[in-house]
Every structure is written in C-alpha cells, then in structure tokens.
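Let's take a walk through a protein model together, starting where its chains meet. Keep the picture open as you read.

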Amino acid sequence: MNSEHIVGKSVPRKEGRDKVTGRSQYVDDMVLPNMLFGATVRSQIPRGRINKITFGPEIAWNEFVIVSAKDIPGKNCIALIGDDQPCLANEFVNHPEEPILLLAHPDRHLLPKAVEAVSIEYDALPAIFTIEESARRAEIVWGEDNIFKTYLIEKGEVDGVWEEADYIVEGEYTTGAQEQLYIENNGMIAAFDAQGITVWGSLQCPYYIHKALMALCGLPAEKVRVVQMETGGAFGGKEEYPSMIAGHAALLAMKSCKPVKIIYDRMEDMAATTKRHPSRTRHRTAVTRDGKILGGEIDFTIDGGAYATLSSVVLSRGVIHAGGPYYWPSVRIRAKALATNAPPHGAFRGFGAPQSLFAMERHMDRIAQAVGLSPIEIRRRNFLQPGQTTTTEQVVREPIHLGNLLDRALEASDYHSKKKSFANHNQSGATPKGMGIAAFLHGAGFTGSGERYLSSVVGVEGCADGSVRVLVSSTEFGQGTKTVLSQIAAEALSLPYENVSMAQPDTLEVPNSGPTVASRTVMVVGKLVQSAALGIRQTLISSNLLRETYTAEEFRTACQNYVAAHGQFRSWSRYEAPSDIFWDDQKYRGDAYAAFAWAVYIAEVTVDLTTYSVSVDDFVALQEVGKVLHPLLARGQIIGGVAQAIGFGLYEKVVWQNGRMQNNQMTNYIMPTSSDLPPIRVFFEELGNVYGAYGAKGIGELPMDGPAPAILNAVEDALGVRFDSIPLLPEDIMDGLNSHGAAASSQRGDHGLGSAGGVP
Amino acid sequence: MTDSRDRRAKTEISFTVNGEPRKVHAYPMERLLDVLRQQLQLTGAKEGCGEGECGSCSVLMDGVLVNSCLVPVLQAEGASVVTIEGLAAGERLHFLQEAFLECGGAQCGICTPGMILASTHLLNGNPKPTMEEIREGLSGNLCRCTGYSQIVEAVAEAARRRTAS
C-alpha cells in the first residue's frame with residue numbers, strides 16, 4: 001500500500017519530457033501520405049449578398065479542389081447551441097472574414113495566390129459594429145431585434161431601496177475585445193475513407209467537433225472520429241471555432257478523397273477566429289451612510305458578433321458574476337447579448353466574468369469614494385458571509401471568510417506602509433504610484449443545470465500489463481489535465497503516479513466527459529475519475545484478486561489476472577448532480593455553481609507621466625481554490641492568468657474597422673513579454689470542497705477576473721483620475737489627464753474626481 | 001504547374017544541423033524554418049507568427065539565436081544550426097530541459113523549444129544572469145501560458161546548478 005499522498009505533490013508533468021525535447025506532436029507536425037493543403041476564401045465585407053464569384057485566369061484551377069456551400073452533404077451549420085452559423089456562406093455574408101469557399105492543393109505555397117485570385121462581388125448591406133448601434137436597432141442584422149439572449153435576475157425589492165439610500169452611486173464600465181493569442185495557431189487535418197471521416201487537430205472539445213461533423217457531413221456517430229493532437233495553448237479560443245476548421249477540412253477531404261491539412265497563419269487566425277466579447281456594464285447602487293449596499297440595478301450587455309454561437313452561455317456566466325463577492329439584499333440584473341457584424345465573439349478564459357467583475361470592482365471603488373470610506377472598508381462591510389445568499393439566492397455554504405482573505409492580501413502586499421510612502425512620493429515627481437484591490441469569485445463547472453445536461457462519463461481501465469489508464473475527453477493544452485487526472489486516479493488506487501497513463505483524447509477510444517472548459521476538469525471530471533478508479537479497485541477486491549490493502553506489485557498482478565480471465569477491464573462513472581444543488585432555469589435562481597473559488601488581488605503600479613505608461617511593480621494574488629492538488633501547476637495557472645489579465649487591462653487592444661480587426665499581427669497587437677511583467681506573487685488558502693476530487697475546486701479561469709480592475713483601481717489611486725474602460729493605453733491616460741486638467745481648472749477647489757458619481 | 005518559382009531554381013545547400021552535415025535542395029529564399037520542419041523532419045521549431053515576433057521558431061545558427069522564419073535557407077549555407085532536437089544527449093536531458101521540467105517552465109509546450117534555445121543562448125553569454133537579465137534576455141520569446149515567472153525561475157535554477165557543479 002502506498003501510504004504517501006500523490007495529490008498535493010508537484011509530480012512531473014506527464015507529457016513534460018516530450019515538450020522540453022520538442023518531440024510532442026502538434027497538428028502541423030503531422031504529415032499524411034498524399035496530403036493536400038487547404039485554404040479559406042473569406043468575405044471582404046461586413047454584410048451583404050453574394051452576387052458573383054469569379055476565378056481569375058492566372059491560376060490553373062483544374063489542379064485545385066474547390067468546395068462551396070452546395071458541396072455540403074449534411075446541414076450547412078456549425079452545430080453548437082442555436083445552429084445559426086453557416087459552415088460556408090451561401091447567399092449572404094454577415095461579417096468580414098466569413099468563410100465562403102474552400103480550396104485545396106498539394107503545394108501549400110500556391111494557396112495564398114489562389115485565394116487572392118478569387119474575386120467576389122457583393123450587394124453590400126448596411127452593417128452595425130457597436131453595442132449602441134445594435135441596441136437602438138440602427139439596422140436589424142440578426143433575428144427580429146438583434147438580441148441573441150437576455151437574462152433577468154431579481155432578488156428582493158429593488159424599487160424600494162432608492163428612497164432609503166443615503167447615496168446613489170452610478171457608473172458605466174466598458175471592456176474591449178481580447179485575442180486569446182495561443183502561440184500555436186488553429187489547425188486541423190481531415191481524412192475520409194470507408195470508415196468515415198477522421199480529424200486530428202488543435203482543440204479543446206473533441207465531442208463538440210464530433211457533433212458538428214455529424215450534422216455537417218450527414219454521418220452517423222460511428223463514422224466520425226475526432227483526435228486531439230498536442231495543443232499549443234487554447235484559453236477558450238479552441239473551444240468552438242475548431243468545429244469550423246474541422247468542418248472545412250472534412251469537406252475538402254470528402255470531395256478530394258485525400259487527407260487535407262488546414263493550418264491558419266497568425267494573421268488569418270487573429271482576423272477570423274473568436275475573441276473575448278466586448279462589454280458595457282452600468283451600475284446604479286443604493287448605499288447607506290455607513291457603506292452598506294442596500295440594493296441596485298446592473299445592466300450587463302455584451303457584443304456577440306454576427307452569430308449566436310456561445311454568447312448565451314458567456315452572458316450567463318457574466319450575469320451571475322456581476323454582483324461580485326458581495327451581499328445584495330436586493331438586486332435587479334438585466335443582461336443582453338447583442339448581434340453586430342463582427343466575427344462572432346466566443347469563449348475566452350473567464351467567459352463573461354472578467355467583463356462583469358471589472359465593472360463591479362471599479363464600481364466598489366466609486367462607492368467607497370461616494371461614501372468616504374477606503375476601498376478596503378467598503379469591501380469588508382459588504383462581503384458575502386456564510387449563510388447569506390448570492391444574487392441568484394444561492395446560500396453560501398462554504399466556510400469562506402473574505403475579510404480574512406483581504407487581511408492576508410493586505411499584509412502580503414505591505415499595503416498600508418506602501419500607501420503611506422506613496423502619499424509622500426506622489427507629492428512631487430513624474431512617477432506617481434498607487435495601490436489597487438479587487439475581490440472576486442469564480443464559479444467552477446458549468447452554470448446552473450449545465451452539468452446535469454452534460455451528464456459526463458469517465459472511464460478508468462485496468463490494462464493487460466497491470467497498469468491503469470484514464471479514459472476522458474478532457475484535453476491537455478498547458479493546464480496540466482493529464483498530470484492532475486493521473487494523480488487523482490493514482491491516489492484513489494493507492495498506486496504510484498507512474499503506473500497511471502492517460503489515453504489520447506480520441507472519440508473512438510474515450511467517452512464524452514464533456515468539454516474542457518469552465519474550470520470544470522479537476523473538480524467535476526476529476527471527481528468522476530476518482531469514482532471510476534475506485535470501481536476498478538472494488539472489482540478486484542470483490543473478485544478476490546486483491547486484499548483491502550495491497551502493494552503496487554500486488555495490484556499489478558491482480559489486474560493482469562483479471563484481464564486474463566475476463567478480457568477488457570473498464571470501470572465507468574457518470575455525473576450525478578449532488579442532491580443538495582438546485583437551479584431554476586426559468587427564474588434564473590438557485591445554486592449557480594456547486595462551488596466558487598474566492599480571491600483578493602492587489603496591484604501596485606507606477607504611472608510614468610512622461611510616457612503615460614503604467615508599470616505593474618508588484619502583484620499579490622491570493623485565492624481560495626479548495627485543495628491544491630499540484631502546487632507547481634496551480635501556481636503556474638495563476639501566474640499565467642494574471643499575466644493574460646494584465647494584457648487585458650493595459651496592453652491588448654483590438655483595433656476594429658468595419659468589423660474587421662486591423663492589427664491582426666503580433667507586431668501590432670501587443671501582449672506582455674517577460675520584461676513587461678512583475679514577479680507575480682501567488683498565495684493559496686485551502687478550505688476544501690465537498691463536491692470536487694479530494695477537495696479541489698476550479699482554478700483555471702479565476703486569475704483572469706481580478707487583475708484588470710485591481711490595476712485600474714491602482715492607477716486611479718496614483719493619479720486621482722478615474723478610468724473605466726479597458727484596455728487602458730498610454731494615449732487614454734494622456735487624454736484623461738488632459739481633460740481632467742481642463743475640468744479641474746474650470747472647477748477650482750474640486751479635489752480630483754473623487755466625489756463625482758456620488759449623488760447625495 | 002503555375003508556380004512562378006521555377007523548380008530549376010532550387011539549389012543545393014549544405015550546412016550542419018545538430019552536429020550532422022546535411023544537404024538540402026531548396027529555393028534559396030525558402031525559410032530555414034520550413035526546410036528544417038518539412039525536409040529534415042525537425043518539427044521542434046514552431047511557427048507562431050511568421051514575422052519574427054514570437055520566437056517560437058528560434059534556433060541557434062553559429063551560436064547566434066535567430067528566428068528561423070526570417071532566415072532564407074541560403075543564408076544557412078556552411079553554418080552550424082542547433083535545434084531543440086540537438087540539445088539532449090540521447091535520453092539524457094540538457095540541464096536547461098531538466099530545469100524547465102522541474103520548475104514548471106513548460107505548459108502547453110509550443111514556445112518551449114524556442115524558449116529553451118533562447119535560454120541556452122542567454123547562459124552562453126552570461127552564465128550567472130540576474131532575474132532582471134533573464135527577463136530581458138528572454139523578452140524576444142513570447143509565452144501565453146506561464147506569465148514567464150516559472151520560465152525565469154527555471155533559467156535561474158539551471159544557471160545556479162551549472163555554476164555550482
């Protein structure tokens with residue numbers, strides 16, 4: 001019996017050796033005999049009717065395979081939720097870069113010229129590009145009213161709170177699109193034969209693609225196979241769009257009867273694939289003299305782009321997180337996902353929560369100013385306590401003490417003495433400094449009834465050689481899925497970590513354990529791995545092949561004997577919703593998530609008044625994520641998420657023109673480099689979680705939520721000027737300071753903007 | 001063929017890759033990256049951006065760190081090229097590879113080959129870099145997963161071990 005725990009230990013990453021030696025096989029590293037290369041002809045306009053397609057004379061078109069919408073054997077859609085997005089535009093296009101035609105050729109170098117030689121004439125239709133234009137229905141571009149989805153959360157009696165309020169605090173906050181910018185571009189290979197269609201690719205969700213290909217190719221489940229290759233980063237960017245690329249590769253493979261590889265280059269990937277939804281949030285909050293929130297109204301709107309895709313689900317997570325980690329006796333939250341003529345926005349780490357939490361955490365600082373309390377005190381007085389309810393009336397049953405988290409983060413960041421020394425430092429000089437706080441939460445697993453609908457299945461196999469193999473469709477793309485799920489199986493079976501391996505995610509081999517999204521893998525899938533592993537153990541014990549306590553060698557022999565006697569030895573486990581979790585889809589009320597992770601982040605910044613650039617000098621990330629199963633990976637997840645969120649707040653601006661990204665290159669879309677980032681200091685509280693494997697909760701998305709508001713709060717602390725839109729670039733700071741300077745000189749005596757927004 | 005690049009324009013180019021002499025037939029302006037990946041099946045170098053911004057195609061050419069997506073293969077004539085495949089001695093990992101594994105320097109792995117080669121180059125020129133020097137030295141290689149801390153720590157740890165031994 002192995003007495004040492006494996007969960008909680010930083011065991012070596014399962015596929016680490018292959019990654020550091022360059023042996024890992026990513027999709028572009030794979031070559032099939034007689035393989036063609038595919039390319040996509042895309043819409044050059046945001047909206048219109050396709051009139052005429054002309055193939056230029058300079059290309060030997062007879063050498064090319066050409067696929068259009070009429071070659072689609074099944075339904076022309078990317079099956080997901082609403083099935084409104086075509087795989088290839090037929091008559092109309094609704095956004096720039098919408099796929100229209102597919103080309104394939106054995107020489108990949110010939111494709112760019114061929115794509116260029118296709119000219120398409122359109123009858124342009126008026127298009128809209130902003131939340132405002134869509135909301136006022138400047139043009140109806142989707143459905144009857146441009147609305148993909150709305151939600152309403154109501155708690156208590158909001159209409160009564162305004163009269164009782166000592167302060168009513170209002171604010172509007174906006175966030176921009178953000179590119180996931182995985183370093184490996186999207187790519188797929190498809191092959192078609194009598195067995196059906198097989199695709200290999202860079203992807204997060206094998207069964208999303210499986211479902212999409214069945215509908216598109218008109219094939220039964222057993223004739224569609226999806227295999228995940230090593231995947232070079234994803235962050236949500238490989239959640240839904242790979243179904244599109246897989247569909248394209250499959251159509252070309254079916255028409256040509258040859259394998260087809262489609263690899264996007266960076267410019268195509270950035271221009272055509274999904275980004276984080278731009279958002280606008282309005283808060284109106286009733287507050288008492290002593291800083292207690294009485295209630296409020298929150299209006300949360302996201303730009304979904306041209307098709308519905310995942311926007312309804314992103315909106316759902318955003319709206320549920322909109323109230324932050326605070327107690328609202330009364331609240332009314334209206335949420336809306338609207339259509340515009342940009343390429344559809346999609347999944348990106350955090351999934352709506354970074355947008356609504358940015359607003360909440362900026363707004364808390366505004367409330368603090370209105371009431372005359374510190375950012376610390378306003379949060380402390382409104383933190384959710386165990387026994388209280390969230391905005392969806394979920395009772396907080398976890399023994400969380402947010403005040404303690406806050407105290408610990410303040411201490412780790414040396415907050416008070418820094419504030420004091422900055423007050424002196426900022427008296428003079430061109431480099432004011434500031435401190436900013438964000439407190440937040442992130443729900444683990446699918447929202448509401450989501451996990452019930454998914455009904456995930458996981459398998460654990462006792463192999464003929466006596467080793468153990470985990471069968472899941474959960475994918476590794478940097479987070480450590482293979483490592484942590486192996487740890488869980490090893491722990492459940494009291495075996496060394498090395499005795500457990502992971503099956504390659506291949507729909508022929510592994511069951512549907514749901515998509516690898518929503519911070520659900522460790523908590524939800526991990527728990528199923530634990531119980532499937534226990535099933536293996538129980539079977540061996542009840543077959544009298546194994547005693548209750550055993551050595552790894554005894555287990556190996558028992559497993560070998562079982563397989564010799566009975567053949568394939570697999571144990572399955574299917575998700576069952578905990579009996580104490582209730583969610584009402586109609587009223588949008590109840591237990592939104594089985595567990596939340598909680599966090600307090602503190603940013604320290606310097607603003608250079610010569611260049612107007614902000615540098616983050618120190619960053620403290622303190623979180624409660626349940627039991628930390630792998631400290632090294634967990635810390636890596638937090639640091640990586642914080643870095644990406646610093647980009648979201650300070651660097652990464654998507655420049656749009658008529659719905660098309662203009663800066664679709666790494667040269668002009670700027671993500672943080674190693675010299676841009678501070679050391680990010682990570683701290684964990686571990687309270688445990690009854691619903692997750694060995695007490696774990698979700699962790700992957702959480703660090704995306706807090707850094708942007710913490711940094712903007714710190715910038716305001718440094719400058720005394722408020723900024724409520726991200727990304728916050730140097731030119732925005734220059735403009736803000738200039739107009740503040742103009743306002744201040746015309747309103748002498750006004751101290752900063754600190755009192756604006758507070759309406760006594 | 002409608003290819004404007006006449007097949008006869010291909011030329012023979014000789015260079016050393018990971019210590020072995022190699023001869024390839026390639027268009028002079030073909031990218032070294034494509035020749036390594038497609039002709040020599042050395043797929044450790046990755047294309048991230050194709051414009052020299054991300055560094056995931058980094059290789060060492062005569063000891064200098066280059067973005068192989070920006071190097072015409074003709075320029076490699078007579079040069080000695082080292083790719084990620086050339087670092088480990090059989091199954092024995094290079095000390096930087098060991099450190100990346102232990103310190104969490106590799107997450108999704110796509111930037112890792114380039115990052116490790118950039119780190120090799122850094123330590124060759126500066127065996128005892130400060131944390132700041134490591135951050136500066138690796139700033140030409142982008143990583144979207146790690147936030148860099150564990151990469152920087154891996155390089156520092158590798159340097160510490162090497163100078164200690």
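**Where the two chains meet**

Across the interface of chain B and chain A there are seven salt bridges, a salt bridge being a side-chain nitrogen of Lys or Arg within 4 Å of a carboxyl oxygen of Asp or Glu. One joins R23(A) to E91(B), at 3.6 Å from N to O. This is a predicted model, in which local features need pLDDT of at least 70 and side-chain atom pairs count only at pLDDT 80 or more, while totals for chains, interfaces and linings use all residues. Residues are numbered from 1 along each chain as its sequence is written, and side-chain values use heavy atoms, leaving out hydrogens and water.

The contact (heavy atoms within 4.5 Å) draws 62 residues from chain A and 53 residues from chain B. Together the chains bury about 4300 Å², where buried area is the accessible area (1.4 Å probe) that two parts lose on being put together, summed over both. Of that area, carbon and sulfur atoms give 51%.

Now look inside chain A. R280(A) is buried because its relative accessibility is 8%, and buried means under 20% relative accessible area, exposed over 50%, and partly exposed in between (1.4 Å probe, protein chains only). E132(A), at 38%, counts as partly exposed.

Another salt bridge, between K697(A) and E624(A), spans 2.4 Å from N to O. The two residues lie 73 residues apart, and both K697(A) and E624(A) are buried.

Notes: Chains are lettered from A and ligands numbered from 1 in the order in which they are written. Helices (H or I, at least four residues) and strands (E, at least two) are DSSP runs, numbered from the N terminus.
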